[in-house]
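Please look at the sequence and the model together while reading.

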Amino acid sequence: MSLLRPLTKDERALLRAQVRPFGLEVVKGFFFGLLFFGGLLSILLQLLWKWIAPVLDVSDAGQYKILVFLAAMLITVVCLIPAALSARRFGRKLAPRQKMAREDLKAGQAATAEYAVTQAFELPESEDEGTGYFLELSDSRILYVQGQDLYPDEPEDMPADAAATAKFPAANIHYSYGPKSGVRLGITPTGAYLPPRRLQARRYRSNDAIPEDGTFYTQGAEAVMQLFKLKFADAAEKS
């Protein structure tokens, strides 16, 4: 059973980060890529043109500097278009969750719940997004969480029994999230350390299903493994 409480300052910051206009971020990234990669390519083409111009019997290579620059910009734009279109598709997929995150921010409340975890599967980190964990709850649902924040620093003077309780994943967790958006706002281990079973690292293709942080899956562990094409690392070692 989930309970509602006011959002903390840090939780409001997390939700604000979720609702930033994605289209604006795409435009920023596009122009940054154009300036950086276009400028680099322009320098390389200018150097190449200085070497090729005499071979082509061009007496004044400098008069073509602008054309070479424009060619570099054009090539860069063509190369960036697929990435921009992919980001646009991702932004459309993200839009409904952003809308609900705005509603959570406006309501000013977070949902909290206590969960018992029966087993945990660890998915190795990919692209600096943090290690992922599939947590099987006592009601057979699977909660997926991922991020660098899952490794809290332990004070050196912390007692051994307290350090064991503070380690993630744990047999019991305190979980907070956006009531409508489902955005994970916090997760705290409250039980004994639960050693996770390690999964093989995955590289996702464009059409692959990708687990999302803070998502509950009702299919059960075996179905979730099949959905995301996951395999246990120890099974691969035995084979």
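A residue is called buried when its relative accessible area is under 20%, exposed when it is over 50%, and partly exposed in between, with a 1.4 Å probe and protein chains only. At 43% relative accessibility, Ser140 therefore counts as partly exposed. The model is predicted, so that local features need pLDDT of at least 70 and side-chain atom pairs count only at pLDDT 80 or more, while totals for chains, interfaces and linings use all residues. Residues are numbered from 1 along each chain as its sequence is written, and side-chain values use heavy atoms, with hydrogens and water left out.

Helices and strands are DSSP runs numbered from the N terminus (H or I with at least four residues for helices, E with at least two for strands). Helix α2, residues 22-55, contains 34 residues and reaches 48 Å from its first C-alpha to its last, which is close to the 50 Å expected at 1.5 Å a residue; that expected span is 1.5 Å times one less than the number of residues. A kink of about 25° is centred on Trp49 in α2, where the bend at a residue is the angle between axes fitted to the seven residues ending there and the seven starting there. Trp49 is also one of the buried residues of α2, which include Gly33, Leu34 and Gly38. The cover over the buried residues of α2 includes α3, residues 65-107. After α2 comes Asp57, whose phi is positive, near 60°.

Phe36 has its place in helix α2, and with a relative accessible area of 47% Phe36 is partly exposed. Together with Phe32, Phe37, Leu40, Ile43, Leu44 and Leu47, Phe36 makes a nonpolar surface patch of about 760 Å². Such patches are made of residues with over 30% relative accessible area and no salt bridge, with like charges joined within 9 Å and nonpolar side chains (Val, Leu, Ile, Met, Phe, Trp, Tyr) within 5 Å. A salt bridge is a side-chain nitrogen of Lys or Arg within 4 Å of a carboxyl oxygen of Asp or Glu.

Helix α3 bends by about 40° at Ala95, and a proline, Pro96, follows within four residues. Among the buried residues of α3 are Val68, Leu94, Arg97 and Asp104, and what covers the buried residues of α3 includes α1 (9-18), α2 and β2 (109-123). Gly108, which follows α3, has a positive phi near 75°.

Several loops deserve a look as well. Ser140, in the loop between β3 (132-137) and β4 (142-146), has a positive phi of about 80° although it is not a glycine. Lys229 lies in the loop between α5 (221-227) and α6 (233-238); its phi is positive, about 55°, although Lys229 is not a glycine, and with a relative accessible area of 55% Lys229 is exposed. In the loop between α4 (160-165) and β5 (172-177) lies Pro169, which is joined to Phe168 by a cis peptide bond with omega about 0°.

Which residues is Ala120 in contact with, leaving aside its neighbours within four places in sequence? They are Phe134, Leu135, Pro169, Leu194, Pro196 and Arg197, where contact means heavy atoms within 4.5 Å. Ala120 is found in strand β2 and is buried, with a relative accessible area of 3%. From Ala120 to Arg184 there are 64 residues in sequence and 18 Å in space, C-alpha to C-alpha.

Definitions and conventions. Accessible areas come from the Shrake-Rupley method with a 1.4 Å probe; for residues, only the protein chains shown count as cover.
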